[in-house]
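My entries follow in the order in which I made them.

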Amino acid sequence: MSSTPTTRSARAARRRRVQRRRRLVAAVLAVIIVAALAVGIAGFVRSLGERPDPSVDTSKAAGAASSLAGGESAAPSDASRDASADTPAGAPAPGVDTAPAVDAALAVLADYSDAARPTEDALYAAIETLRAASTPDEVSAAQTQVDQASAAVKTDAEAYRAQLAQDAEGTSTQPTGGDVAAQMAYLHTYVFDYNTAEWGDYNSYGGDCTNFASQGLIARGWQNDRTWYSKGAMWTASKPWIATAAMAAYFDQLGFSYSTQDDLDRVRVGDIGLFNWGETGASMDHTMTVSKVEYVPGGPPVVSFISHNYDGEFRELTHALSVEHTDSTVRIYHIP
């Protein structure tokens, strides 16, 4: 059945009312959503302003505020007290550097290598303790041990040197002590660039080794005497000045003691080594000056020499005796 105009008009009116309600609901929802977003954004912005600046020490700021207000600083919390209590008193301190002190103690072992072995061993043990120290208290205690052991090494070596000088008093014509540093500085200066203009060069006549060692003794403070001398020019020197066997006889005449390769405990820089190469027979063959003595824990020291002929600054003893030559021996005369 067809609709009447009235019926159609009523339906249209209902549709319009439904559409208006829908538009109203949509508008209300839109307003609610916009309001919610606005509130959320404002809160977020406020939260940014409330967050502490990481570059600001808030504890200091709080303390300052309390001071300005005339109040006292708050007592530390239990948590903070517990955290500080958990820090061990012996924790390693940053920046503890024992290397300079260790190097200084090792230098004592090198400079006073003629001390008795037990005192050297005690110093080395103290050095190892210092190396292992990791806290200020440990370093302080170890440094005290090192200082005491260093003093003992120096005292022992100096007593030994004084005894050498006393033993040579009645027989030696040379001054005792002398400047070992000047002796070594001279030898290192002219080991490769010979001081020929002042002292000549005997390499073409059997070797310049003893002439060179004699020059070092002059730099140390020795003086020409009636047995050991050189006027500088070629062939103006006595045999003890330029020949190994004659120098050994001269040292014996002066009353000097010596060590062999089997007992190196009392050897020090500046002493003179006189060598007999086994393959050449019974006569002495070569002269060198001790240039370095290195402490070795649990074993004999490493002794090195400076010389002419086999020009070099640190020719190691056992290598020279057993590798470069065979069945060889050495007398290392202690120069008082």
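**Entry 1: Phe212**

I looked up Phe212 and found it in helix H9, which covers residues 209-220. Helices here are DSSP runs of H or I with at least four residues, strands are runs of E with at least two, and both are numbered from the N terminus. This is a predicted model, in which local features need pLDDT of at least 70 and side-chain atom pairs count only at pLDDT 80 or more, while totals for chains, interfaces and linings use all residues. Residues are numbered from 1 along each chain as its sequence is written, and side-chain values use heavy atoms, with hydrogens and water left out.

Is Phe212 buried or exposed? I noted a relative accessible area of 1%, so Phe212 is buried. I use buried for under 20% relative accessible area, exposed for over 50%, and partly exposed for what lies in between, with a 1.4 Å probe and protein chains only. Leaving out residues up to four places away in sequence, Phe212 touches Tyr186, Leu187, Tyr190, Val191, Ile306, Ser307 and His308; contact means heavy atoms within 4.5 Å. I also checked Tyr194, 18 residues from Phe212 along the chain, and the two C-alpha atoms are separated by 8.7 Å.

**Entry 2: the whole chain**

I counted 12 helices and 6 strands in the protein chain. It has 336 residues, and 35% of them count as buried. Among contacts between residues at least 6 apart in sequence, 65% join residues at least 24 apart. The accessible surface comes to about 19100 Å², with 57% of that belonging to carbon and sulfur atoms. The areas come from the Shrake-Rupley method with a 1.4 Å probe; for residues, only the protein chains shown count as cover.

**Entry 3: the nonpolar cores**

I took a nonpolar core as a set of buried Ala, Val, Leu, Ile, Met, Phe, Trp, Tyr and Cys residues joined through side-chain atoms within 4.5 Å. The largest has 28 residues, and those touching the most other members are Trp222, Phe251, Phe256, Ile272 and Leu274. At least two residues of this core come from each of helix H7 (180-190), H9, helix H10 (239-242), helix H11 (244-254) and strand S2 (272-276). H11 gives the largest share, 5 residues. I then listed the contacts of Phe251 beyond four places in sequence: Leu217, Trp222, Phe256, Ile272, Leu274, Tyr333 and Ile335. There is a second, separate core of 19 residues, which includes Val146, Val153, Ala157 and Tyr295.

H4 has 13 residues and reaches 18 Å from its first C-alpha to its last, close to the 18 Å expected at 1.5 Å a residue. The expected span is 1.5 Å times one less than the number of residues. Val102, Ala105, Val108 and Leu109 are buried in H4. They cover an arc of only 115 degrees around the axis, so they are on the same side of H4; the arc is that of the directions from the helix axis to the C-beta atoms. The face turned away from this buried side carries the exposed residues Pro100 and Asp111. The buried residues of H4 pack against H5 and helix H6 (136-167).

I found 32 residues in H6 and a reach of 46 Å from first C-alpha to last, close to the expected 46 Å. Its buried residues include Val139, Ala142, Tyr160 and Arg161. The buried residues of H6 pack against H4 and H5.

**Entry 4: Ser113**

Ser113 is in the loop between helix H4 (99-111) and helix H5 (117-132). I have it as buried, because its relative accessibility is 4%. What does the side chain of Ser113 reach? It comes to 2.7 Å from the backbone oxygen of Val267. Beyond four places in sequence, Ser113 touches Glu120, Asp265, Val267, Arg268, Val269 and Val293.

**Entry 5: two positive phi values**

Most residues other than glycine have a negative phi. I noted Trp235, not a glycine, with a positive phi of about 65 degrees. Trp235 is in the loop between H9 and H10 and counts as exposed at 54% relative accessibility. Asn309 also has a positive phi, near 75 degrees. Asn309 is in the loop between strand S4 (302-307) and strand S5 (312-316), and at 34% relative accessibility Asn309 is partly exposed.

Notes:
Polar contact = N/O pair within 3.5 Å; in protein donor to acceptor, adjacent residues only side chain to side chain.
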